[in-house]
Amino acid sequence: MDFNLDHQEEEYLRELINRFEESLSTGQYIFLDTEELEDIIQYYFSRPDFKSAEAAIQLALTRYPTDEVFLIYKAQNLNYTNQPEKALELLVSLEEKGMENADIHLTKAAIYSSQKEHQSAIREYQKAMKQTRENRGELYAEIAFEYESISQFDTASDYLMKAYRTMPLDESLLYEIGYCCDLAGLHDKAVQFFESVLDESPYNYVAWFNLGLVYSAMELFEKAIEAFEYAIAIEPKFIPAYYSKANVLESMELFAQAIVTYKQIFDYEQPEAIALYYIADCYEKLKQFEKAIDFYRQALEKEPELPDAWMGLGICLHELNDNTEALQVMKHSLEIEPENHEYWYILADTQLEIGQVEESLPSFQKVSQLNPYSVDIWLDLSDLYFQKFDDLENAMAVLEDGIAYQPDSPELAYRKVAFLLEENRVQEAITRLHELLAKDPGGAKVFFEYSKKAQHNPEIIEMMNQVMGEENGTR
């Protein structure tokens, strides 16, 4: 029964439920036909009130013990009350008795899905499709969601497209199609589908929006902007299109135009913290730090615990040499997100840049703990020990830690050669350098510029001249 009821239907249902509940409380017999019992059961399912539903099902089976509809309701209620094995046992027994009802398979599919047995759920949905022509689009969608659950996004997108062709008013399917095609890397397929939708319905702004998202993922930014602008022209209050258009403009480094687009949102809704943050970030990238600070502060007035805004504010304050407050707000962002390795890196770099060398060390160390697979942190931390603390032993120890996490990194390997030279392990350094130059000559120049001792070693100079000559095409 559809519970989007008019007044007359509400009165009917209220009277029906009152009669049923009164009979339960008094024990008096009342006559209820099968349709009325179905309405009662569906009413309790919709609440949800599974205890009352069970009572209604028991009454129905007492009066109509072989009615497959009520037996299926019993299975559904068993599933709703966390008894899926009993529910499946009942449904299988109905099949074995030769009952052919799509709801048997739909209920089994729902149970299998909840148990993450997605292939079994798909088989049951497909059996149901052979037994009914009703709700075709919904069945296609259910099968698609099962394929999504096992990461078969290509097949999922096929079923979603079938679902949309059956239910073209369900705009949520357009978003889901775009999502699946994106995860499967099927951008051309998505473009073809959305263009076909727009051929039939050129004013479908949701289709234009999703087409823009596909073009954006393909880095066809001009086409993406055009699609978002069509969506905006058709539905000026469609806020996601403004955000997406502005994001694309940022990707194109057109930050001033992105700011204009973000601000257009405020014509239709009150400024949200995230929009104010994005505007601030654009001003920061334009190096208009005062304006960036103003918008970061506005964002934080709306959402005081927005960590990206605190960090952005700190960066801008640092750029304006207000380092005392800069460090305070950077540290506040870390109070909100203490495990954010990017925040720790920014803080460490800022501390080092303003001469707080001792303070920067634990910040760099924190980055190495949170993000040990980053090559850059091991290079920076080892260099900090070597250049600022004159501590070659710890510099080499840190580098070895980094190599343990990234054993194939040529940058770390070249840095180790530099430190071997500093330790006067010259022959070992030269041997390692020979191996590196043969395998990965690309980092040789950076190594040579970093190592003063390499610049004064004739054998290394000869090796480097040979490598540079080959890179310049002189050999």
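1. Helices here are DSSP runs of H or I, at least four residues long, numbered from the N terminus.

2. A word on the source: this is a predicted model, in which local features need pLDDT of at least 70 and side-chain atom pairs count only at pLDDT 80 or more, while totals for chains, interfaces and linings use all residues. Residues are numbered from 1 along each chain as its sequence is written, and side-chain values use heavy atoms, with hydrogens and water left out.

3. Which residues of H17 are buried? They are Phe-289, Ala-292, Ile-293, Phe-295, Tyr-296, Ala-299 and Leu-300. Buried means under 20% relative accessible area, exposed over 50%, and partly exposed in between (1.4 Å probe, protein chains only). The buried residues of H17 pack against helix H15 (255-264), helix H16 (273-285) and helix H18 (307-319).

4. Buried in H4 are Phe-70, Leu-71, Ile-72, Tyr-73, Ala-75, Gln-76, Asn-77, Leu-78 and Asn-79. Those buried residues pack against H2, helix H3 (50-63), helix H5 (84-96) and helix H6 (102-114).

5. On the H2 side, the contact (heavy atoms within 4.5 Å) uses Thr-34, Leu-37, Glu-38, Ile-41, Gln-42 and Phe-45. H4 brings Val-69, Phe-70, Tyr-73, Gln-76, Asn-77 and Tyr-80.

6. A second pair to view is helix H21 (residues 357-370) and helix H22 (residues 375-388), whose axes come within 9 Å and cross at roughly 155°. That makes H21 roughly antiparallel to H22. From H21, Val-357, Ser-360, Leu-361, Phe-364, Gln-365, Val-367 and Ser-368 take part in the contact. They meet Ile-377, Trp-378, Asp-380, Leu-381, Leu-384, Tyr-385 and Lys-388 in H22.

7. Val-417 lies in helix H24 (residues 410-422) and counts as buried, at 1% relative accessibility. Leaving aside residues up to four places away in sequence, Val-417 touches Ala-429, Arg-432, Leu-433, Leu-436 and Phe-447. The C-alpha atoms of Val-417 and Ile-430 are separated by 7.7 Å, and these two residues are 13 residues apart along the chain.

8. The loops deserve a look too. Between H2 and H3 sits Pro-48, and a cis peptide bond joins Arg-47 and Pro-48, with omega about -10°. In the loop between H4 and H5 is Asn-82, which has a positive phi of about 60° although it is not a glycine. Asn-82 counts as exposed, at 70% relative accessibility.

9. Where does Glu-219 lie? Glu-219 is in the loop between helix H12 (205-217) and helix H13 (221-234). Phi of Glu-219 is near 60°, a positive value in a residue other than glycine. With a relative accessible area of 60%, Glu-219 is exposed.

How values were computed: Axes are lines fitted to C-alpha atoms, for helices over the stretch in contact, and angles run from 0 to 180 degrees between N-to-C directions. Helices (H or I, at least four residues) and strands (E, at least two) are DSSP runs, numbered from the N terminus. Angles under 35 degrees count as roughly parallel, over 145 as roughly antiparallel, 65 to 115 as roughly perpendicular and the rest as oblique.
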